[in-house]
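Let's take a walk through this structure, starting with charged pairs and ending at a pocket. Keep the view open as you read.

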Amino acid sequence: MFPQFGAVTADSLSRASSLVFRIGTDAHLYDDPDDANITSLLDSRFESDKCEALKRLLALIAQGVDVCNFFPQVVKNVASQSLEVKKLVYLYLLHYAEMRPNEALLSINCFQKDLSDTNALVRACALRAMAGIRLHVVAPLVLAAIKKCARDPSAYVRKCAAHALSKLLDLLPQGNDDLQELVSIFLSDHSHGVLGAAAVAFKSICSNNLLLIGKFFTRLCEALPDVDDWGQIALIDVLLRYVIARHGLVKNSIMFSSNATIAQADKGSITMSHMVNKHSNFFEDSPSNFIVNELMFKNYIEQHEEYVSQPECTNGTIDEAQHKLNCLVPTSTQNDDVSILLMCTSPLLWSQNSAVVLAAAGVYWIMAPMDEVQKIVKPLLFLLRSSHASKYVVLCNIHAFAKSVPSLFSPHYEDFFIHSSDLYQIKALKLEILSAIATDSSIPFILEEFQDYIKDQDRRFAADTIASIGLCAQRLPSVVSGCLEGLLTTALKASTSNPSSLDGEACVLVQAIMSIRGIIKQNPVSHEKVIVRLACNLDAIKEPAARALIVWMLGEYCSVGQIIPKVMSIVMKYLAWSYTSEVIETKHQILNTAIK
């Protein structure tokens, strides 16, 4: 009867419940964090006032407000006896120490004193604050603090020390052996929490000194499932690089198969024993020159053919080419190091962190035998349920896998069907994957799905779908005739809309003719009637880019078959008549066709 009272009551109840949940918390600081005189509270002799002021400052920082002007008042409170105040001061200093290093330097004595505090959290915060002071004069003091904290009884303090080690790299003179010695100490730590930070420090400081990893390889592999998520990613990278450099590729792995042709080409000039011996010397004498890592990861991302065609590879000396070939020395499937790494990486394929899953999948893709690579499929498909950003990265990796081994994902083609909520970039990747994994048994269902995509209001996505149809027809001869007929129908239907630009239907029309051209290129003799049909509809097709494509096909295949040569004279008369009204691109193609 009185709906306005109901609305007021609901609003009141909502506010009341919100207030109840905020009782006993500091949530009120976010309502108006600047409603008190923070400066006077920081200078108060009462610890409760200082706490209130510091909490308000942290609330402002959380909201993106710059409060570095309070730095002098905050830094003097680092000597407070209150543990709560000290923690809040360090949170503020960790945020601004790098921005105000000269003022933070005034409290360096307090930081050093707190390194001996009984509370592990205070010791860790003091070390992190010291490492945040980016001054060369402080670097020796920070190095001494890290050496002290490297043997701290608290694993958390040792972990912070390992992370702080990376910040010293650009402040200390190059070739400092103390840093590598500390990395070795952290890698030998018995705490799994420290090992992840140690792997990050190793990658920053001495990433090419893989002999250091060899001392702890087995223990690092066994600890891998228990390291924190982001530490697992760094550790997987380090362990994988070590295994590749030390043992080469597994003999029946996908990576070895993709590079087998190169090894076969030079087999006559380089014996296997020579390769193994030379590879061993390479590992022991030159730990800083691991070309194999670059080769493997470029192969994983770009395919080997693209990599070897780059100038640094093609213009290299014969010795360099042989040296890279030596990096491909196969290892037996029974190699202990490879088996341990694969066994310890296997649980990470089902990690909750998608980055960890991708890193583990990379290990299996590069090092696992062909029959074990199948393990990465379901974990990767499960990741497609994650956020849009994660889904895009996962699809990029799946796309790389599917191009090399389509059979891995062929049975799961339905997982790559488009959803209405997918972003355009995700839709485009799914289309590329579907066109790569389509088989004779799945292509009818995929093409049926594509028919709906062509009707989508996003014409750019519809054009991408047409491109995928063309790719499917080029891969699977059984659907060529059906795809050609459908593409012709789509092109002629799009031409009736008389587009004036490469937007909307014009984009669909041009892509349809490009797909037809790609299919015809494989067997021009069998498809001369398609070329004639396109020529007959030249008058209806007004889009300049589409007309230029059709004229190019007429010139390229002017002598193919029996029908095209007969109609060329009529087509050339029409093109000569319309020549003055054509755009420059089409004019060029008309001239080329006339010459041919």
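R547 and E582 are both buried (buried is under 20% relative accessible area, exposed over 50%, partly exposed in between, using a 1.4 Å probe and protein chains only). Their side chains meet in a salt bridge, 2.4 Å from N to O; the term stands for a side-chain nitrogen of Lys or Arg within 4 Å of a carboxyl oxygen of Asp or Glu. R547 sits in helix α31 (residues 544-556) and E582 in the loop between α32 (564-578) and α33 (584-595), so this pair ties together parts 35 residues apart in sequence. Helices here are DSSP runs (H or I, at least four residues), numbered from the N terminus, just as strands are (E, at least two).

A word on what you're looking at: this is a predicted model, in which local features need pLDDT of at least 70 and side-chain atom pairs count only at pLDDT 80 or more, while totals for chains, interfaces and linings use all residues. Residues are numbered from 1 along each chain as its sequence is written, and side-chain values use heavy atoms, with hydrogens and water left out.

How many salt bridges does the structure hold? There are 15. One of them joins E505 and R459, at 3.0 Å from N to O. E505 belongs to helix α29 and R459 to helix α27, so parts 46 residues apart in sequence get tied together. R459 is buried at 18% relative accessible area, whereas E505, at 28%, is partly exposed.

R56 is buried at 8%, and E52 is partly exposed at 25%. Elsewhere, K391, D422 and K430 are linked in a salt-bridge network.

A pocket is an open set of points on a 1 Å grid over the protein atoms alone, with protein on both sides within 12 Å along at least five of seven lines, and lining residues have an atom within 4 Å of a point. Of the 16 residues lining the largest pocket, Q451, I454, G486, T490 and K493 come closest to its centre. Helix α28 gives the most to this lining, with 8 residues.

Terms used. 1 Å grid on protein atoms, 1.4 Å probe; cavity = no way out; pocket = protein on both sides within 12 Å on 5 of 7 lines; lining within 4 Å.
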